[in-house]
Amino acid sequence: MPVIEVHVTTDATEERPALRADAQRNRSRIIATARQAVAREGIGASLRAIARDAGVGLGTLYRHFPTRDDLLQEVLQDSFDTLTLRAQALAGEQTPLDALESWMDELIASTATHQGLAAAMLDKTQDPGSSLHRSCHALRQEGNVLLASAQADQMVRPDIAGADLMALVSALAWLCNQKMLGTEERRRMLDLVMGGLRR
């Protein structure tokens, strides 16, 4: 049950060359299809089947992602980036406590779905030169913002740190994955955790 720890540096800059619109669409379809395949079958999902379901040739998949690890990294990074944007959106839509709880629920569900993927990419998340490292850091930072807002609103205990939050999320995600908990059971477990976080 890995708990991702990130130590950020600011000088790592990886930039991908701009893609043509059709190539970008292919890349996005491959990532979205791979994300679904990994959720169903794990990190050993067939690359040939992913290419077929994405509507591209296997050669196109390999042009974008020369190795399986390259594709898996993009799938996890896409998940991190989506959850980072969700944290920002929730902060503007809900009360601080509700935003924190909603984001934790989505993060737990995503982490449980991609449990094996997170474990497989653990080294990448800890490599300051990796784009996945930066996405992971951004995700954690947005979680810290939600937590700080709920604490400033005096709805969450002041002694809870961002690292505590991520440890709890990782633990619940592992439990959901191992026990194959449904949505209602996951939310019940989260509600128990939130009871311990509330001030």
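# Close-up views of a predicted helical model

**View 1. Helices α4 and α5 pack at an angle of about 165°, with their axes 9 Å apart.** Helix α4 is therefore roughly antiparallel to α5, since angles over 145 degrees fall in that class. The crossing in which α4 passes α5 is right-handed. On the side of α4, the contact is formed by Ser-79, Leu-83, Arg-86, Ala-87, Leu-90 and Ala-91. Helix α5 contributes Ala-99, Ser-102, Trp-103, Glu-106, Leu-107 and Ser-110. The model shown here and in the other views is predicted.

**View 2. The axes of helices α4 and α8 come within 9 Å and cross at roughly 20°.** This angle makes α4 roughly parallel to α8, because angles under 35 degrees are classed in that way. Here α4, which spans residues 68–93, passes α8, which spans residues 131–152, in a left-handed crossing. From α4, the residues that make the contact are Gln-73, Leu-76, Gln-77, Phe-80, Asp-81, Leu-83, Thr-84, Ala-87, Gln-88 and Ala-91. From α8, they are Ser-131, Leu-132, Ser-135, Cys-136, Ala-138, Leu-139, Glu-142 and Leu-146. Leu-83, Ala-87 and Ala-91 of α4 are among the residues in contact with α8 and also among those in contact with α5.

**View 3. Asp-105 lies in helix α5, which covers residues 96–113.** Is Asp-105 buried or exposed? Its relative accessible area is 9%, so Asp-105 is buried, the limit for that class being under 20%. When neighbours within four places in sequence are left aside, Asp-105 is in contact with Arg-186, Arg-187 and Leu-190.

**View 4. Helix α9 runs from residue 162 to residue 179 and contains 18 residues.** From its first C-alpha to its last, α9 reaches 26 Å, close to the 26 Å expected at 1.5 Å a residue. The buried residues of α9 are Gly-162, Leu-165, Met-166, Val-169, Ser-170, Leu-172, Ala-173 and Cys-176. Just after α9, Met-180 adopts a positive phi of about 50°.

**View 5. Ala-171 is a residue of helix α9.** With a relative accessible area of 30%, Ala-171 is partly exposed, whereas Ser-170 and Leu-172 of α9 are buried. Ala-171 and Thr-111 are separated by 60 residues in sequence. In space, the distance between them is 10.0 Å, taken from C-alpha to C-alpha.

**View 6. Gln-154 is placed in the loop between α8 and α9.** Although Gln-154 is not a glycine, it has a positive phi of about 60°. The relative accessibility of Gln-154 is 54%, so this residue counts as exposed, the threshold being over 50%.

**View 7. The whole protein chain, shown for orientation, has 10 helices and 0 strands.** Along the sequence, its pattern reads α-α-α-α-α-α-α-α-α-α. The protein chain has 199 residues, of which 40% count as buried. The accessible surface of the chain comes to about 10400 Å², and 50% of that area belongs to carbon and sulfur atoms.

Terms used
Residues numbered from 1 in each chain as written. Predicted model: local features only at pLDDT ≥ 70, side-chain atom pairs only at ≥ 80, totals over all residues. Heavy atoms only, no water. Helix = DSSP H or I, 4+ residues; strand = E, 2+ residues; numbered from the N terminus. Buried < 20%, exposed > 50% of the residue type's maximum accessible area, 1.4 Å probe, protein only. Areas by Shrake-Rupley, 256 points an atom, 1.4 Å probe, with all protein chains shown as cover. Expected span 1.5 Å × (residues − 1). Axes fitted to C-alpha atoms, helices over the stretch in contact; angles between N-to-C directions. Parallel < 35°, antiparallel > 145°, perpendicular 65-115°, else oblique. Left-handed = near helix turned anticlockwise from the far one by under 90°. Contact = heavy atoms within 4.5 Å.
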